[in-house]
Amino acid sequence: MNEQNPLLSLLIVFVPLSLMAIGGGQSILGDMQREVVVHHGWMTAQAFQEIFAVSRVSPGPGLLIVTLIGWHVSGWLGAVVATAAIVVPSSLLVYALAYVWHSRPPAKWQRALSRGLAPIAAGLIIASVFHLLSQAQGQVVAWVVAIVVGALAIFSRVGQVLLLVGGTALFAVLRLF
Amino acid sequence: MPPALETSPSLAPAPGLAKLFGAFARISLISFGGGLSGLLYRDIVQTRRWVTEADFFAALALSQAMPGANVSNLAVWLGYKLRGRFGALMACLGTLVPPGILIIFLGAVIARFSGTSAGTIILAGVAASALGISLSMGVRITRRAVRDPICGVVFAVALGSALMHGSVVLIIAVLAPVSVGLAYIGLRDE
């Protein structure tokens with residue numbers, strides 16, 4: 001492989017991945033690991049797992065794993081280039097659709113798109129919550145906390161910071177006793 | 001009282017660019033372990049009333065079907081809807097830049113901190129709570145999306161195949177044309 005310019009390599013790896021990530025970042029994690037660990041040898045599989053774990057417990061979207069990879073490869077500039085490479089191509093596509101979508105009164109194809117995609121989105125959202133909960137620390141406790149917080153979110157006007165703090169307190173109490 | 005399922009609630013005026021950046025940055029910075037779109041929903045739709053629930057869910061469904069991270073897609077879409085071109089930029093930057101800087105500084109610290117029991121419990125508790133808020137959003141979008149038996153079947157197939165670890169790309173590639181096509185035919189009959 002030509003590894004003369006790491007910034008260029010980051011672009012070459014992440015721009016295509018940006019356009020492949022249909023349904024969210026989860027779908028490209030496997031390819032990402034292959035490129036980063038096997039193809040370019042930027043880090044060991046162990047280090048990739050650690051970076052993945054850090055991205056899971058840090059605030060912000062999961063795609064920030066790419067920021068950490070970029071930083072690992074080429075410092076702050078690498079972090080910026082890698083993040084831009086994963087975000088800009090897909091964002092331009094969404095921007096173009098948003099532009100077309102809002103530039104005229106809603107046509108039938110737009111209503112058909114949002115109606116037709118909504119049940120798929122609903123199924124995928126619930127499935128991903130179940131999936132994350134099934135891997136969550138605390139197992140049953142995590143499910144109980146999620147269901148209690150979810151019910152409060154639906155049936156009350158409790159603010160979300162309070163929901164997060166209260167849910168965390170409930171989690172701690174249930175785990176410790 | 002539960003927030004009413006309104007189709008056209010009284011919306012607040014669109015925020016300025018700085019406020020838009022701040023709102024997306026704040027949500028992004030308090031989300032751990034997934035559930036960001038649920039937090040955005042609760043903040044942008046229910047608390048701030050910047051967009052309607054219908055518009056948010058349409059944006060969410062499109063963000064998922066388009067390539068790219070769902071959250072950055074959603075930020076671009078909502079930012080564009082609220083403040084046009086610069087709104088899209090500000091919402092996207094707000095979602096990514098503050099937590100992006102933080103993740104680099106915290107990288108080493110979190111890796112160490114997450115091994116301690118107190119750290120583990122707090123992070124896992126925040127993650128479970130955020131997933132609860134996502135679950136509430138999932139329930140609401142389901143109630144709204146499943147308007148007839150066909151939608152119910154599409155929902156069940158998407159949920160079932162995703163739970164069985166089917167490829168999300170494949171689920172969308174197969175189901176989306178069918179579901180959107182049926183929706184189009186349904187609209188023609190109205």
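Me: When two helices of chain B cross, I would like to know how the sense of the crossing is read; in which hand does H2(B) pass H5(B)?

Reply: The hand tells how one helix is turned against the other, and here H2(B) passes H5(B) in a left-handed crossing. Keep in mind throughout that this is a predicted model.

Me: At what angle do helix H2 (residues 36-47) of chain B and H5(B) pack, and how far apart are their axes?

Reply: The angle is about 65°, and the axes of H2(B) and H5(B) lie 7 Å apart. Since angles of 65 to 115 degrees count as roughly perpendicular, H2(B) and H5(B) are therefore roughly perpendicular to each other.

Me: Which residues make that contact, and how do they divide by class?

Reply: From H2(B) come B:Ser37, B:Gly38, B:Leu39, B:Tyr41 and B:Arg42, which meet B:Ala130, B:Ile133, B:Ser134, B:Ser136 and B:Met137 in H5(B). By class, the contact of H2(B) with H5(B) holds 5 nonpolar, 4 polar and 1 charged.

Me: H5(B) also packs against H6(A); what are the angle, the axis distance and the hand in that case?

Reply: H6(A) and helix H5 (residues 117-145) of chain B pack at an angle of about 50°, their axes being 7 Å apart, and H6(A) passes H5(B) in a right-handed crossing.

Me: Which residues of H6(A) and H5(B) meet, and what is their class make-up?

Reply: On the side of H6(A), the residues include A:Ala142, A:Val145, A:Gly150 and A:Ile154, while those of H5(B) include B:Ala124, B:Gly125, B:Leu131 and B:Val139. By class, this contact of H6(A) with H5(B) has 14 nonpolar, 5 polar and no charged residues.

Me: How is the packing of H5(A) with H3(B) to be read, in angle and axis distance?

Reply: H5(A) and helix H3 (residues 53-65) of chain B pack at an angle of about 75°, with axes 8 Å apart. That value makes H5(A) roughly perpendicular to H3(B). The contact draws on A:Leu113, A:Ser114, A:Leu117, A:Ala118, A:Ala121 and A:Leu124 of H5(A), and on residues of H3(B) that include B:Phe57, B:Leu60 and B:Gln64. By class, the contact of H5(A) with H3(B) has 11 nonpolar, 2 polar and no charged residues.

Me: Turning from helix pairs to the whole interface, how many residues does each chain supply, and which helix of chain A gives the most?

Reply: An interface is often sized by the accessible area lost when the parts come together. Counted in residues, the contact takes 82 from chain A and 90 from chain B. Six helices of chain A, H1, H3, H4, H5, H6 and H7, each supply at least two residues of the side that touches chain B, and H5(A) gives the most, with 23 residues. By class, the side of chain A that touches chain B has 51 nonpolar, 24 polar and 7 charged residues.

Me: What can be said of the overall build of chain A and of the domains of chain B?

Reply: Chain A has 7 helices and 0 strands. Its radius of gyration is 20 Å, whereas a compact globule of 177 residues would have one near 16 Å, and the C-alpha trace of chain A spans about 55 × 55 × 25 Å along its principal axes. For chain B, the domain assignment gives domain 1 (17-144) and domain 2 (146-190), and the C-alpha centres of these two domains of chain B lie 25 Å apart.

Note on methods: Residues are numbered from 1 along each chain as its sequence is written. Chains are lettered from A and ligands numbered from 1 in the order in which they are written. This is a predicted model: local features need pLDDT of at least 70, side-chain atom pairs count only at pLDDT 80 or more; totals for chains, interfaces and linings use all residues. Two residues are in contact if their C-beta atoms, placed from the backbone, lie within 7 Å. Helices (H or I, at least four residues) and strands (E, at least two) are DSSP runs, numbered from the N terminus. Ala, Val, Leu, Ile, Met, Phe, Trp, Tyr, Cys and Pro count as nonpolar, Asp, Glu, Lys and Arg as charged, and the others, Gly among them, as polar. Axes are lines fitted to C-alpha atoms, for helices over the stretch in contact, and angles run from 0 to 180 degrees between N-to-C directions. A crossing is left-handed if the near helix is turned anticlockwise from the far one by less than a right angle, and right-handed if clockwise. Domain bounds come from an automatic or database domain assignment. The radius of gyration is taken over C-alpha atoms; the globule rule is 2.2 Å times the number of residues to the power 0.38. Angles under 35 degrees count as roughly parallel, over 145 as roughly antiparallel, 65 to 115 as roughly perpendicular and the rest as oblique.
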